[in-house]
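Here's a quick tour of this model, beginning with the ligand and moving on to the backbone. Have a look at the structure first.

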Amino acid sequence: MASIIPYGHQYIDQDDIDAVVEALKGDFLTTGPTVEKFEQAVADYVGANYAVAVSSGTAALHAALHAIGVAPGDEVIVPALTFAATANAVVYCGGTPVFADVEEDTLCIDPMSIANLITKKTKCIVPVDYAGQPCYYKRIKRVVEFIWPLPIVADSCHALGASLDGEMIGSLTDMTCFSFHPVKVITTFEGGMITTNNKAYADRMRQFRNHGGAGTGNQTALGYNYRLSDVACALGLSQLKKLPQFIERRRAIAKMYDEAFAELKHIRPLSVRESTGHAYHLYVIKIAVEALQAPLERIRERLRGLGVGTTRHYRPTHLMDFYRQNYGTNPGQCPVAEDAYEHILSIPIYPSLSDGQVQQVIEAVKQVVGL
Ligand SMILES: *Cc1c(COP(=O)(O)O)cnc(C)c1O
């Protein structure tokens with residue numbers, strides 16, 4: 001059987017392999033000097049004062065919400081269209097996720113929806129840089145501050161390397177969370193990081209990832225083992241060197257798709273704001289399934305038959321049984337996100353995707369949803 005081009009894939013070269021082997025030969029497999037080096041390198045890259053490495057993007061969100069002090073009785077506003085971890089991190093802290101709708105054209109959180117959901121119980125906002133496009137933070141801040149100031153924790157798990165108005169994502173909000181899962185922009189196997197300019201937040205997260213301080217003396221709060229290993233950070237440092245090339249290649253592929261799909265009537269790529277430096281973790285197209293009279297799953301099947309893997313990012317979190325049963329969420333609550341889920345496909349985009357494979361994807365899309 002012919003192989004299927006996946007929607008995303010890691011890029012590992014000999015330098016990465018050498019870096020990991022070197023780290024394995026060292027004295028520290030887990031907590032060692034490479035952790036700090038990797039943290040410093042990411043902080044420098046995004047232009048933040050502090051970076052805290054943790055064991056996953058999910059742990060990054062949990063640590064950030066802990067640092068803010070999210071607790072039972074608190075509400076945290078999250079977009080409906082995201083990976084479940086965004087809302088789950090709120091639940092880990094005992095808080096209640098409140099689901100905001102997204103913008104129809106970018107699928108980033110809708111600032112007006114945030115404004116409508118803020119109450120006295122709202123502790124913070126967690127926008128998601130959907131697909132790698134930064135949310136328009138200036139507008140979100142303006143809308144939020146008009147009511148009253150609230151901290152913003154960016155879930156930028158898609159968006160390492162992205163920028164807004166020429167500034168890197170990573171210091172534009174109170175905290176910024178990244179993921180280094182293999183399908184994300186760079187990888188450390190599993191891994192994550194939080195960047196911030198706030199020392200108190202950084203200190204609290206360093207304690208939190210290491211048993212609340214119990215390992216190094218006095219335990220001051222309940223913590224976890226959310227450490228990222230020295231070996232993982234060695235891979236991260238090596239990957240980070242290639243990040244500018246990774247982003248450049250992702251943008252080049254997106255441009256080829258943009259140009260090829262501009263002609264097609266039944267599909268539309270997501271909008272990209274002028275001011276955005278997109279990281280293109282995902283390339284998402286909206287398909288006019290009604291006009292095509294074909295359910296999305298049938299379209300996916302046909303693309304798969306032509307060797308093209310796709311994914312739907314994401315089933316809206318408020319439609320998951322867990323949230324419906326425990327938080328009383330319902331269909332109809334976030335109509336834009338719900339409608340998007342019936343129309344969106346993420347098609348292959350990753351640095352090692354060849355021009356030939358990009359053409360194969362374009363031809364397959366044209367054949368299945370063409371004209
Ligand atoms: C991947 C992802 C996460 C979780 O990251 P992990 O490293 O897999 O734990 C959180 N939020 C979003 C939007 C993600 O895409």
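## Ligand site and backbone notes

The ligand takes up the space of the largest pocket. A pocket here is an open set of points on a 1 Å grid over the protein atoms alone, with protein on both sides within 12 Å along at least five of seven lines, and a molecule sits in one if more than half of its atoms lie within 2 Å of its grid points.

Two elements give two or more residues to the shell around the ligand: helix H3 (57–68) and helix H4 (85–92). H3 gives the most, with three residues. Helices are DSSP runs of H or I with at least four residues, strands are E runs of at least two, and both are numbered from the N terminus.

This is a predicted model: local features need pLDDT of at least 70, side-chain atom pairs count only at pLDDT 80 or more, and totals for chains, interfaces and linings use all residues. Residues are numbered from 1 along each chain as its sequence is written, and side-chain values use heavy atoms, leaving out hydrogens and water.

How many residues surround the ligand? There are 16, and Gly57, Thr58, His158, Ser179 and Lys184 are the closest; the cut-off is a heavy atom within 4 Å.

| Residue | Polar atom | Distance |
|---|---|---|
| Gly57 | backbone | 2.8 Å |
| Lys184 | side chain | 2.9 Å |
| Tyr314 | side chain | 3.4 Å |

Taken alone the ligand exposes 380 Å², and the protein buries 93% of that (Shrake-Rupley method, 1.4 Å probe).

Tyr314 sits in the loop between helix H10 (296–305) and helix H11 (321–327). Ala131, in the loop between strand S4 (122–125) and helix H6 (137–147), has a positive phi near 70 degrees. Most residues other than glycine have a negative phi, and most peptide bonds are trans.

Technical notes: A polar contact is a pair of N or O atoms within 3.5 Å; within protein, one must be able to donate a hydrogen and the other to accept it, and residues adjacent in sequence count only if both atoms are side-chain atoms. On a 1 Å grid over the protein atoms alone, a cavity is a set of points where a 1.4 Å probe fits but cannot get out, and a pocket is an open set with protein on both sides within 12 Å along at least five of seven lines; lining residues have an atom within 4 Å of a point.
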